[in-house]
Amino acid sequence: MKRFNLWAPWRLSYIKGLTEKHECFICHNVKNPQTDADNFVLWRTKQSVTILNRFPYNNGHLLVCPIRHVAELDELNDSELLETSRLIIACQKVLKLAINPHGFNVGMNFGRSSGAGLPAHLHIHIVPRWDGDTNFMEVCANTNVISQSLKELYQQLKETGEKNNLPSI
Ligand SMILES: [Zn+2]
């Protein structure tokens with residue numbers, strides 16, 4: 001069976017931006033709560049932030065990040081591990097309520113060679129999936145079809161979380 005590559009050229013500006021600025025965008029967001037809406041910081045919990053990915057693979061792509069700038073899973077303490085795990089659950093609940101995905105990819109990349117855009121600051125990807133979402137446009141036309149603007153999605157997820165008392169950490 002023929003395998004297809006899914007190219008994501010829009011990520012280049014993101015990766016270039018990181019190397020040019022030498023700034024960790026997660027730490028930047030953590031330090032600037034006054035611009036949470038502009039940075040798409042959805043939730044601040046005791047030891048973590050949950051952010052909408054500006055360069056999503058799919059609509060509703062969220063990042064759960066410990067506040068501490070650590071790269072490896074074994075650098076997290078038990079309460080950070082528990083909180084980030086609970087946030088994965090909360091993200092899935094809110095996304096199900098708000099945009100009704102059929103499934104999820106949840107994962108982490110360690111090191112640049114794994115595809116991590118920001119290997120220095122651990123983050124967990126929550127990517128909603130729908131039946132047939134890897135379609136012609138994405139596979140053949142170098143185009144990622146995102147059906148909703150980030151601002152609209154941010155507002156929708158924020159309201160859905162508030163209405164349903166999520167995240168409850
Ligand atoms: Zn950082």
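Strand 3 (residues 62-66) and strand 5 (residues 124-129) pair in the antiparallel sense over three bridges; strands pair if DSSP finds at least two bridges between them. Within this pairing, L62 stands opposite I126 in strand 5. You are looking at a predicted model, where local features need pLDDT of at least 70, side-chain atom pairs count only at pLDDT 80 or more, and totals for chains, interfaces and linings use all residues. Residues are numbered from 1 along each chain as its sequence is written. Helices (H or I, at least four residues) and strands (E, at least two) are DSSP runs, numbered from the N terminus.

The open sheet has five strands in the order 1-2-3-5-4, with antiparallel pairing. Its edge strands, strand 1 (41-44) and strand 4, each pair on one side only. G107 lies in strand 4 (residues 103-107) and is exposed, with 11 other C-beta atoms within 10 Å (exposed is 12 or fewer, buried 20 or more, partly exposed in between, with C-beta atoms placed from the backbone).

Now for the helices. The axes of helix 4 (residues 78-99) and helix 6 (residues 150-163) come within 9 Å and cross at roughly 115 degrees; axes are lines fitted to C-alpha atoms, for helices over the stretch in contact, and angles run from 0 to 180 degrees between N-to-C directions. The residues that make this contact are listed here, contact meaning C-beta atoms, placed from the backbone, within 7 Å.

| Helix | Contact residues |
|---|---|
| Helix 4 | V94, L97 and A98 |
| Helix 6 | Q156, L157, T160 and G161 |

Key:
Contact = placed C-beta atoms within 7 Å.
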